[in-house]
Amino acid sequence: MRAFAVTLPSGQRYWTVLDESLVPVPAADRFLRHVRFGKNGAESTTETYAFALALFLRWCARTDRDWRTAAPDLGLFMTWLRYAPKSVSGVEPSLGAALMFGPGTKPARSEKRVNAVLTAVRGMVAEAVTHKDAPGWVLPVLFDLASTADLPAMARGENAGTELRLGARHRMKEPKRPVDRASDEEIVALLRACRSARDRLVILLMARSGLRRGELVGLRREDTHFLLDSSSLGCQVSRAHLHVVRRELNPNGAWAKSRRERVVPVDGLLVRAHDHYAMERLACRAATGCDFVLVNLFRAPLGAPMPPRAVNELLTALSERAGLARRVRPHQLRHAFASNARDAGAEWDELSELMGHESPESLTPYLHPDPRRLRAAVERVPSPRLPDADTQVQR
């Protein structure tokens, strides 16, 4: 079993699972197409799910289990998944080699990875039950089923008692590891380690506008309105800004998570960084016909849009070159933007719009208050006023 990328005649892409004969596994393919097109999910989501389902189907084949009825043995699959090591090529070793490992040995996968694989497995099996490709009795094995009748009236809606809510039975407890923000010192160190105007622009776009990795490499030149007056471009938004637009067909696999377009204002520092990069880009003739903002300037194919993985590779190289104690990730720069904007006085509704979130409540994990602001908040609390000695004597 192996994951495989599929490009449709329309140009849209998704990932599927091929069996030993290089034929798509019907149940997995149907589920992954539903995730990609039925739920309007990202190509990267189907990629993650495809690799997860390939692991599960491979385990079923090697243990002589039918995936349709393997739900009662999902606990054994979790143990195998947690401890079975990977070979150098990334292909799972034989079952005999996997049996040599287990509790007490070093885990091969994190709790988060195991849970992600189980999520994909449950989704595929539930989809198969819906299409009568798997027996219905597996659902109570995979999920805790409960009626919506016992929920509060506002939560039930109009279909009280007629729907089921599902809770996963098989799940590992994940240790809480909050995503840390990139510090201002780390951002400055990354900028100093950059060797090109393009790399500096990449860092600043994430650290000073909060763009996600997929939104960053998905920017088109028509999305960047870095003029004082954008009316000549047919845009009514004043001053320098950029548009974050979700597009289905991006040849580099870029994907904007938010379904609605948003406008992000940019400051003079970003405008100057973009101008320097524009001059650098002009020297690459292969980039002339590319409408993407960020293109390959130093590796083949020259002039092609940067893929999302190139952003991670860039940050890894810059972190090492800067001598940082850790590798800064793209999302940590997004966290830094949210925290800095909040520390500077941004309101919740402003942050929600800038970050592309539907509700302000979802911003909480992104906020990491500056320690100096926390200390200032404590020091603003007035000290209790103690009665003087004379008053104590009278009492």
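## The loop between H11 and H12

In this predicted model, Pro301 lies in the loop that runs between helix H11 (268-282) and helix H12 (308-321). The peptide bond joining Ala300 and Pro301 is cis, with omega about -5°.

## Asp29 in helix H1

Helix H1 covers residues 26-38 and includes Asp29. Asp29 counts as buried because its relative accessibility is 11%, and the cut-off for buried is under 20%.

Leaving aside residues up to four places away in sequence, Asp29 touches Tyr14, Thr16 and Pro24.

## Positive phi outside glycine

Leu22 is not a glycine, yet its phi is positive, near 60°. Leu22 sits in the loop between strand S2 (13-18) and H1. At 54% relative accessibility, Leu22 counts as exposed.

Asp64, also not a glycine, has a positive phi of about 55°. The loop between helix H2 (43-62) and helix H3 (74-83) holds Asp64. Asp64 is exposed, its relative accessible area being 74%.

## The sheet S5-S6-S7

Three strands form an open sheet in the order S5-S6-S7, and their pairing is antiparallel. Strand S5 (224-225) and strand S7 (262-265) are the edge strands, since each pairs on one side only.

Strand S6 (residues 241-244) pairs with S7 in the antiparallel sense over 4 bridges. His243 has Val263 in S7 as its bridge partner. In general, strands of a sheet pair through backbone hydrogen bonds.

How values were computed: Residues numbered from 1 in each chain as written. Predicted model: local features only at pLDDT ≥ 70, side-chain atom pairs only at ≥ 80, totals over all residues. Heavy atoms only, no water. Pairing = 2+ DSSP bridges. Helix = DSSP H or I, 4+ residues; strand = E, 2+ residues; numbered from the N terminus. Buried < 20%, exposed > 50% of the residue type's maximum accessible area, 1.4 Å probe, protein only. Contact = heavy atoms within 4.5 Å.
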